[in-house]
Structure formats: C-alpha cells, structure tokens
Amino acid sequence: MTARDIGIRDGAGTVRVRADGEVGEEELAYLREKVGTALDRPGLPPVSGEVRIVRAAAHHVELPWSAGTDIRVGGDHLVVHVREASARELADRLHDHLRDRAQRLAHRAQEDHRAATPPPWRGGPEQ
C-alpha cells in the first residue's frame, strides 16, 4: 500500500487529500475537484485539514472505497465518514456531506451575528 498526498490550495486555506491503496490519478482528480467545490463557499472562514481515501485490497469487501475527513473550518471541526462501492460514488457522497456541513456552518455564523428582538417591556413588539 502506498500513500500519496495531494493538496488542494486556495485563498482560504489548505486541504490535503491522502490516498492509500490502488487509487488512480483519474479518481484522485475527480475527488480533488469535488472536495474543492464543496469547501469553496463564500462566507466560510479559513479551511484546513485532511481527507483520507482508502481502497480495500480484499475483493470480497462489499464497499471497498472509504473516506474520512478531519477538517478545521475556522474554529469548528468538520468530520465526515463515507463508504461506497466505487470512487465516483464516494466522491459524490463526500461532496454532498461536506457541502451540507459547510452550509450549516455558514448559516450558523450568520445567525450568531443577528440581534435578538427585545422583549415587550423593553420596547419590543407586543404579542
């Protein structure tokens, strides 16, 4: 088994993609593209961390492709684990999970800065 590091770099930070097992360049390129688009979202703080892709060597494994992430988005920790039958399905599912979690983080950050409505005894709307 060999491990290869492929970095995804943009203005917001660095995410390393590590591949263990027999993972081809075409699968890695597709995966890099999917991870990059999932985390390239306006309003996100700097992103850094690692995505690890593993292909099982045993032929009898039902879902030989697995991925795990350990990514920091600002002060938040983003962890995603995915298992699939093919590299494309794995990349697509990982993209969906990362995009959903990044969207939650971005919306939560926007909601944290919103002012609460004052109660009626402090000049707020009456119910």
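Which residues line the largest cavity?

**View 1. The largest cavity and its lining.** In this predicted model, the structure holds one cavity of 30 Å³ or more, and the space in the largest cavity comes to about 50 Å³. Its lining is made up of V23, E27, L28, L31, I53, W65, A87, L90 and A91. Two or more residues of that lining come from each of the elements α1 (25–39) and α2 (87–112). Sorted by class, the lining of the largest cavity contains eight nonpolar residues and one charged residue, with no polar residues.

**View 2. The largest pocket.** The volume of the largest pocket is about 220 Å³. Ten residues, written as 10 in the count of its lining, surround this pocket, and those closest to its centre are E22, R55, A56, A57 and A58. When the lining of the largest pocket is divided by class, six of its residues are nonpolar, two are polar and two are charged.

**View 3. K34 in helix α1.** The residue shown here, K34, belongs to helix α1, and its relative accessible area is 18%. K34 therefore counts as buried, because that value falls under the cut-off of 20%. Once its neighbours within four places in sequence are left aside, K34 is in contact with A91, D92 and H95. One of these contacts, A91, is also among the residues that line the largest cavity of View 1.

Conventions:
Residues are numbered from 1 along each chain as its sequence is written. This is a predicted model: local features need pLDDT of at least 70, side-chain atom pairs count only at pLDDT 80 or more; totals for chains, interfaces and linings use all residues. Side-chain values use heavy atoms; hydrogens and water are left out. On a 1 Å grid over the protein atoms alone, a cavity is a set of points where a 1.4 Å probe fits but cannot get out, and a pocket is an open set with protein on both sides within 12 Å along at least five of seven lines; lining residues have an atom within 4 Å of a point. Grid points are joined across faces, edges and corners, and a volume is the space filled by probe spheres set on the points. Ala, Val, Leu, Ile, Met, Phe, Trp, Tyr, Cys and Pro count as nonpolar, Asp, Glu, Lys and Arg as charged, and the others, Gly among them, as polar. Helices (H or I, at least four residues) and strands (E, at least two) are DSSP runs, numbered from the N terminus. Buried means under 20% relative accessible area, exposed over 50%, partly exposed in between (1.4 Å probe, protein chains only). Contact means heavy atoms within 4.5 Å.
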